[in-house]
Amino acid sequence: MTELVVLCGTVRDGVERTIGRMRELDPGVVVLHHELHDLGRGRVHRRLRRGADDERTVLELAHGCVSCTIREDVLPTLAALTGTVDRVVLHLDPRLEPEPVCWALGAVLFEPGDGRAACTAADLVDLRGVVAVLDTDTWLDDATGDATLPERGLSTLPDDERTVAQLAVGQAEFADVVVTAGGPATGRTAAVLDRLAPTAPRLTADTADHRLFCDGLAPDARRGVPGGVHDPLLRGTPPLEESGGVRTLLFSERRPFHPDRLHDAIDTLLDGVVRTRGRVWLATRPDAVLWLESAGGGLRIGHAGDWLDGADEQAWAEAGDQRRAMAALSWHPRWGDRAQDLVVLCHEADPDDVDAALRLALLTDAEIAAGEAAWAELPDPFGWAHDEPCADPEPARSDPTTGTDREGEH
């Protein structure tokens, strides 16, 4: 089966040197790239490199968006290459995060042609994993800032309000292999990467070995498989002790948050914090699992399904063995499987201060005693999807099927 490696990064020179090294290690590798800078005009620039051939094509798409690019060209091109070459590198546009692309590879059905039944790209190729290239001189500043991609000239995609931090953290966190441009990671940058991508070996572009093709990875490597909301929040046993001012806070509690007080505490998750992610339970919405995720100075909370407590048989059946087992092990006589579980990666913030701010946002004993009817009347600034810095929230009682957005979906 043809092997597929996904390559991402915003450092153009470093990415190109990585591709050069890949082609040295495997002269037969095919490198497929879609450049999206012209997407606003419905144009995508495709480049296909194989040996001495370097084919460049301008594609005219009916709808200029990331999803259409994947459905209308990336997937059919991969289908045409499978079985004809041993290895393909899918070089992503620098504006793209690898996780939603890998999700599309494993979830979007398409007709591969030649009489083959509809399938996903992951059915046709061996997805080996994700390689991310980052500049060690600038990555930590990017990962902890609050500039948007358009402000940095990194995106002209319509309605693209992502931050540079979201892109920088998303690329590194989902990587199975990290390639460092600008020299090996040291000091605080190394300490952050040790905790953000603990299973990913760090290589340099010019001297990298076959791990560039995701060979010889740890057994628990992600290999391009997106995580679920109820997966364990700590992957790969990252170090928990402090190093160079960098430390990971694990926050777990079994009582609901007061929505207004949690909103007031959010600033503590933005200043001096690289990444926060996890499951949140608000007193005003006892059935809803909310997913909270921050990168640098931006944060989003979105509805991510319901708790199992009180759910019907179908929901239990669809929950999966791991989630059911986790719920059973931690079942609370009053709260069922409801819990607050957050992981906060601090690089300048004091984790004890973050912990204290979150605990102050929990309901007090008196508020707990007041009961669910009183909680339903609490002010709730979050809605079903909420961004920080604050945008206008969607109504809290709107369609609860709206979850966290995936880039490029529409």
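So, the lining of the second largest cavity: by class the residues there split into seven nonpolar, one polar and no charged. For the classes, Ala, Val, Leu, Ile, Met, Phe, Trp, Tyr, Cys and Pro are nonpolar, Asp, Glu, Lys and Arg are charged, and the others, Gly among them, are polar. Before I go on, this is a predicted model, where local features need pLDDT of at least 70, side-chain atom pairs count only at pLDDT 80 or more, and totals for chains, interfaces and linings use all residues. Residues are numbered from 1 along each chain as its sequence is written, and side-chain values use heavy atoms, with hydrogens and water left out.

Back to that cavity. Its lining is made of Leu-75, Leu-78, Ala-79, Thr-82, Phe-110, Ala-121, Leu-124 and Val-125, and the space inside is about 30 Å³. Now the grid rules: on a 1 Å grid over the protein atoms alone, a cavity is a set of points where a 1.4 Å probe fits but cannot get out; a pocket is an open set with protein on both sides within 12 Å along at least five of seven lines; and lining residues have an atom within 4 Å of a point. Grid points are joined across faces, edges and corners, and a volume is the space filled by probe spheres set on the points.

Which helix gives the most to this lining? That's α2, with three residues, and both α2 and α4 (121-124) supply at least two. Helices here are DSSP runs of H or I, at least four residues, and strands are runs of E, at least two, numbered from the N terminus.

Counting cavities of 30 Å³ or more, we get two. Among the lining residues are His-34, Thr-69, Leu-90, His-91 and Asp-93. By class, that lining has eight nonpolar, three polar and one charged.

Okay, packing. In soluble globular proteins, nonpolar side chains tend to be buried together. A nonpolar core, for us, is a set of buried Ala, Val, Leu, Ile, Met, Phe, Trp, Tyr and Cys residues joined through side-chain atoms within 4.5 Å. Buried means under 20% relative accessible area, exposed over 50%, partly exposed in between, with a 1.4 Å probe and protein chains only.

The largest core has 59 residues, and the members touching the most others are Leu-4, Leu-78, Leu-90, Leu-105 and Trp-139. Helix α2 (residues 66-81) gives the most to this core, seven residues. There is another core apart from it, of 24 residues, including Val-280, Leu-282, Val-344 and Phe-382.

Contact means heavy atoms within 4.5 Å, and leaving aside neighbours within four places in sequence, the contacts of Leu-4 include Leu-78, Val-88, Leu-90, Leu-105 and Val-125.

On to charges. How many salt bridges does the structure hold? It's 35, a salt bridge being a side-chain nitrogen of Lys or Arg within 4 Å of a carboxyl oxygen of Asp or Glu.

One is Glu-35 with Arg-12, closest N and O atoms 3.7 Å apart. Glu-35 sits in strand β2 (residues 30-35) and Arg-12 in helix α1 (residues 12-25), so this pair ties together parts 23 residues apart in sequence. Glu-35 is buried, at 12% relative accessible area.

Another is Arg-277 with Glu-173, at 3.8 Å from N to O. That pair spans 104 residues, from strand β10 (residues 273-280) to helix α6 (residues 164-173), and both Arg-277 and Glu-173 are buried.

Then there's Arg-279 with Asp-341, at 3.9 Å. Arg-279 is in β10 and Asp-341 in strand β13 (residues 340-346), 62 residues apart; both are buried.

Last stop, the second largest pocket, at about 360 Å³. It has 19 lining residues, and the closest to its centre are Arg-279, Met-326, Ser-330, Ala-339 and Asp-341. Its lining takes at least two residues each from β9 (247-253), α10 (321-329) and β13. By class, that's eleven nonpolar, three polar and five charged.
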